[in-house]
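Please walk through the model shown here, from its overall fold to a single pair of side chains.

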Amino acid sequence: MTRRKLVAGNWKMNGMARDLDAVAAIAAAARAHPDVDVALCVPATLIAAAASRGEGVWIGAQDVHANDAGAHTGCLSAPMLVEAGARVVIVGHSERRADQNETSHDAWAKAAAAHRHAMQVILCVGETEAEREAGRAERVVQAQIEKSVPEDATGDWFTLAYEPRWAIGTGRTPTLEEIACIHAIARAKLRQMIGDTAAGIRILYGGSVTGANAGAILFTENVDGALVGGASLTAAKFVPIIAAAAAGN
Ligand code: PGA
């Protein structure tokens with residue numbers, strides 16, 4: 001089963017109007033590498049402007065509410081994000097799990113809401129350093145997948161991202177063997193839950209991906225792309241990752 005690579009950027013709480021030139025430069029690189037899917041999840045304040053500068057990139061959001069509308073001060077729904085120009089949304093990121101106490105069930109409900117409105121979903125799972133040191137990384141990831149992946153997930157709209165929390169923003173990454181191991185376990189868990197459809201689902205690796213390590217990580221078995229934080233903030237850092245994904249095609 002060949003799965004197209006997906007390189008997704010997560011700008012987190014970074015990005016002002018002055019950064020839209022970076023969106024345009026990243027979009028130009030994406031158009032130059034049509035065999036790779038490129039997403040850029042910007043702050044909600046920039047979605048509409050980024051969508052108008054980002055032809056060739058899936059402009060996206062970093063969170064979505066599980067409901068379509070209602071009394072939820074400060075939250076944004078899938079119809080609102082779609083109207084603003086978002087085609088994709090990240091759910092269950094470890095920073096939201098840690099800062100906003102989001103659970104795997106929340107991630108499940110948010111993924112379902114986004115899918116109802118025809119958005120692509122990137123759902124994040126990953127263990128803490130303490131869990132890895134205790135030898136529990138595999139079980140933690142399996143349990144998160146079990147509780148958060150919607151029953152009707154298919155590769156047409158759903159992507160899983162394995163992001164070990166201790167690798168996010170730290171400059172540390174697992175070995176390629178460790179990445180391959182968790183990705184294989186994640187795919188086996190998906191297969192157990194949704195059968196052969198699992199073969200079409202992309203599993204991204206995230207956590208301190210850079211232009212220097214992307215080539216090796218992106219062509220590790222069962223790695224179908226990358227979710228990139230810090231190195232997605234400028235075209236100079238992000239474009240080499242897109243190029244690395246294209247190089248193996
Ligand atoms: P990082 O972040 O690339 O800065 O480690 C990855 C993420 O949180 O998605």
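**Fold and packing**

The chain contains ten helices and eight strands; these are DSSP runs, helices being H or I of at least four residues and strands E of at least two, numbered from the N terminus. This is a predicted model, in which local features need pLDDT of at least 70 and side-chain atom pairs count only at pLDDT 80 or more, while totals for chains, interfaces and linings use all residues. Residues are numbered from 1 along each chain as its sequence is written, and side-chain values use heavy atoms, with hydrogens and water left out.

The C-alpha trace spans about 45 × 45 × 35 Å along its principal axes. Of the contacts with a separation of 6 or more, 73% join residues 24 or more positions apart (contact: heavy atoms within 4.5 Å).

Of the 249 residues, 51% count as buried, meaning under 20% relative accessible area with a 1.4 Å probe, protein chains only. The chain exposes about 10,600 Å², of which carbon and sulfur atoms supply 52%; the areas come from the Shrake-Rupley method with a 1.4 Å probe.

The structure holds two aromatic pairs, that is, rings of Phe, Tyr or Trp (its six-membered ring) with centres within 6.5 Å. The ring centres of W157 and F158 lie 5.6 Å apart with planes at 75°, so this pair is edge-to-face (planes over 60 degrees apart). W157 and F158 are both buried.

Conventions:
Buried means under 20% relative accessible area, exposed over 50%, partly exposed in between (1.4 Å probe, protein chains only). Rings of Phe, Tyr and Trp (its six-membered ring) pair if their centres lie within 6.5 Å; planes under 30 degrees apart count as stacked, over 60 as edge-to-face and the rest as tilted.
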